[in-house]
Amino acid sequence: MTEPLLSCSGVSVRFGGVQALLDVDFQAGAGSIAAIIGPNGAGKTTLLNVLSGMVPADSGSVRLGGRDLSRARAFERSRAGMVRTFQNLEIFSNMSALENVMTGCHGRLELPVWHSLLRTPRSRALERDIRRDAEAALDFVGLADAAQTPARDLAFGRQRLLELARALAAGPRLLLLDEPAAGLNMSETRALGGLIRRIRDERGVAVVLVEHDMDLVMGVSDAVLVLCFGRVIRHGAPAEVQRDPEVVAAYLGADEDET
């Protein structure tokens, strides 16, 4: 049996007297799209933070491609191929769109500092490669025309795309998306669904997303994990999750505005 790309086992997190996650098992295969859903306070973003190394788990393990990353720091997980975006936009507003995306390639800047200071042939070649990859990422998400535009001047929906482009420029094996449709209108959300599928199909990148928009979740996901008060109550195909009476009653019909 092929080992899943992402595997977390027995993950538990407690914040003071609050059990945010309890013995959570979750897997995502290579070339798949998996969603994490649940009502407010279910532990969705906490799980994403544990996966990306921003919150340490009290117990349990996280593996990527068979490699144990349980004790790895966030930047080490990024270099291993696990890259994330955030619910609140994290862009450099005074930089151009192209410059923003180029920062996503920071993990490849492994030359000694003196190469950059002296502008050696190796540093110039690396800069050309990074610029080429950043331009390709902008083109992939539909922002090629905005390469030199200051990020602050982009409409909100295009800023969301910019953050995706920057994540793609890092060359992920697994992309973690925290509420990528937050603040988008219906048309933009539909387009986002198509883009997420293209990320999987054309770039071969697995995607795990935390999302409140159930139309988006059910339209793009191969598997859905449902959390309730930090516990897994269902993990299966979208159709199976939709038919589960407990999920329908407690979650899909709930008013979800926050993680």
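No aromatic pairs were found in this predicted model, the count being zero, where rings of Phe, Tyr and Trp (its six-membered ring) pair if their centres lie within 6.5 Å, and planes under 30 degrees apart count as stacked, over 60 as edge-to-face and the rest as tilted.

The model is a predicted one, in which local features need pLDDT of at least 70 and side-chain atom pairs count only at pLDDT 80 or more, while totals for chains, interfaces and linings use all residues. Residues are numbered from 1 along each chain as its sequence is written, and side-chain values use heavy atoms, with hydrogens and water left out.

The protein contains 10 helices and 10 strands; helices (H or I, at least four residues) and strands (E, at least two) are DSSP runs, numbered from the N terminus. Six strands form an open sheet of mixed pairing, in the order S6-S7-S8-S3-S9-S10, two strands being paired if DSSP finds at least two bridges between them. Strand S6 (82-84) and strand S10 (231-236) stand at the edges with a single partner strand each, so one side of each is left without a neighbour in the sheet. On average, neighbouring strands of this sheet are turned by 15 degrees against each other, direction ignored.

Within the sheet, strand S3 (residues 33-37) pairs with strand S8 (residues 206-210) in the parallel sense, over four bridges. Ala35 stands opposite Leu209 in S8. Helix H7 (residues 186-203) packs on the sheet and touches S3, strand S7 (174-178) and S8, its direction making about 135 degrees with that of S3. Here contact means heavy atoms within 4.5 Å; axes are lines fitted to C-alpha atoms, for helices over the stretch in contact, and angles run from 0 to 180 degrees between N-to-C directions.

Side chains of opposite charge can pair when their charged atoms come close. The whole structure holds 12 salt bridges, each defined as a side-chain nitrogen of Lys or Arg within 4 Å of a carboxyl oxygen of Asp or Glu. One of them joins Arg84 and Asp178 (3.3 Å, N to O). Arg84 lies in strand S6 and Asp178 in strand S7, so this pair ties together parts that are 94 residues apart in sequence. Arg84 counts as buried at 12% relative accessibility, and Asp178 counts as buried at 4%; buried means under 20% relative accessible area, exposed over 50%, and partly exposed in between (1.4 Å probe, protein chains only).

Another salt bridge links Arg132 and Asp133 (3.2 Å, N to O). Arg132 is partly exposed at 47%, as is Asp133 at 23%. Together with Asp129, these residues are linked in a network of salt bridges. Arg73 and Glu76 also meet in a salt bridge (3.4 Å, N to O), and Glu76 is partly exposed, with a relative accessible area of 27%.

Of the 259 residues of the protein, 48% count as buried. In helix H1 (residues 44-52), nine of the nine residues are buried, so the helix is largely enclosed by the rest of the structure. The buried residues of H1 include Lys44, Leu47 and Val50. Gly53, with a positive phi near 90 degrees, follows H1.
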